[in-house]
Amino acid sequence: MSNQKQQKPTLSGQHSKTRKRDEKERFGPTQFQDCIIQSLTETGTDLEAVAKFLDPSGAKLDYCGTLADDMMHTDVCVFTAQEDLETMQAFAQVFNKLIRRYKYLEKGFEDEVKKLLLFLKGFSVSERNKLAMLTGVLLANGTLNASILNSLYNENLVKEGVSAAFAVKLFKSWVNEKDINAVASSLRKVSMDNRLMELFPANKQSVERFTKYFTEAGLKEFSQYVWNQQTMGTHKELQKELQEQMSRAEFLSEEPILKWYKDTHVAKGKSVFLEQMKNFVEWLKNAEEESACEAEEGD
């Protein structure tokens with residue numbers, strides 16, 4: 001029988017005893033800020049040095065600490081950095097490494113990004129561009145969930161065109177990191193693949209306007225994806241309406257029509273009618289296949 005004393009199970013909300021060397025230092029807002037800011041001032045804009053400081057420091061410091069009201073600034077800032085994708089990728093690596101190491105930061109980080117997106121009007125165009133590129137990279141590497149994009153549907157941001165302009169920069173960097181299929185999959189998981197039109201004001205929501213805007217911005221592949229989504233949605237609506245009308249009129253459903261078209265080709269005089277029905281039958285087949293594919297993706 002082992003002499004080693006087993007640790008008792010704890011209920012949610014209880015704190016188990018922690019060894020002294022594992023305890024994190026807890027400072028007041030000013031002390032916490034001084035500790036972080038002083039070290040970041042020493043690292044300068046060298047993001048590798050920043051990462052080397054933040055990574056091990058998280059084992060001693062509680063990164064859920066609060067900053068003082070008279071918050072100090074350092075040169076390590078996304079908004080004062082160069083406005084290019086390579087620089088934003090370097091910042092994304094720092095965030096990604098830190099959040100992967102300390103998972104408790106993930107939720108809080110997403111919440112703060114959502115807030116930033118809601119207040120985009122408070123930033124300059126250049127600052128928005130940097131944030132958009134950074135957000136796109138963080139979405140691509142999985143640090144952020146696509147649900148944060150719900151903030152872009154804020155009425156004021158949409159009305160003033162801020163959401164659409166921000167989305168262009170964001171999707172450019174996202175597609176640059178991942179292919180369009182990966183982007184589409186992420187959007188579909190949060191039911192946002194059919195809401196992209198809402199980035200424009202209600203009186204400007206048309207697939208033609210959307211594809212023109214994003215294509216001219218260099219996102220032709222993304223525009224084509226949205227076009228296909230909208231076309232598929234229109235086909236489904238027409239199919240549903242047709243089926244309802246046929247049902248109300250006590251016509252045949254699509255299954256007997258397809259079976260009759262495939263199997264009954266022998267009687268004389270039907271060739272002309274079959275030729276005329278060809279496009280309609282092809283449309284029914286395609287609509288059926290699209291519905292099946294979507295059902296599989298949903299599963």
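The buried residues of helix 8 (residues 180-189) are I180, V183, A184 and L187, where buried means under 20% relative accessible area and exposed over 50%, with partly exposed in between (1.4 Å probe, protein chains only). This is a predicted model, in which local features need pLDDT of at least 70, side-chain atom pairs count only at pLDDT 80 or more, and totals for chains, interfaces and linings use all residues. Residues are numbered from 1 along each chain as its sequence is written, and side-chain values use heavy atoms, with hydrogens and water left out.

**Exercise 1.** Determine how the buried residues of helix 8 are arranged around its axis.

*Solution.* Seen down the axis of helix 8, the buried residues fall within an arc of 100 degrees, so they line one face of the helix; the arc is that of the directions from the helix axis to the C-beta atoms. Next, turn to the face away from the buried side, which carries the exposed residues N181 and K189.

**Exercise 2.** Describe how helix 3 and helix 5 cross.

*Solution.* First, the axes of helix 3 (residues 85-101) and helix 5 (residues 125-140) come within 9 Å and cross at roughly 55 degrees. The two helices are therefore oblique to each other, since angles under 35 degrees count as roughly parallel, over 145 as roughly antiparallel, 65 to 115 as roughly perpendicular and the rest as oblique. Finally, L85, M88, Q89, F91, A92 and F95 in helix 3 meet K130, M133, L134, V137 and L138 in helix 5, a contact being heavy atoms within 4.5 Å.

Note on methods. Axes are lines fitted to C-alpha atoms, for helices over the stretch in contact, and angles run from 0 to 180 degrees between N-to-C directions. Helices (H or I, at least four residues) and strands (E, at least two) are DSSP runs, numbered from the N terminus.
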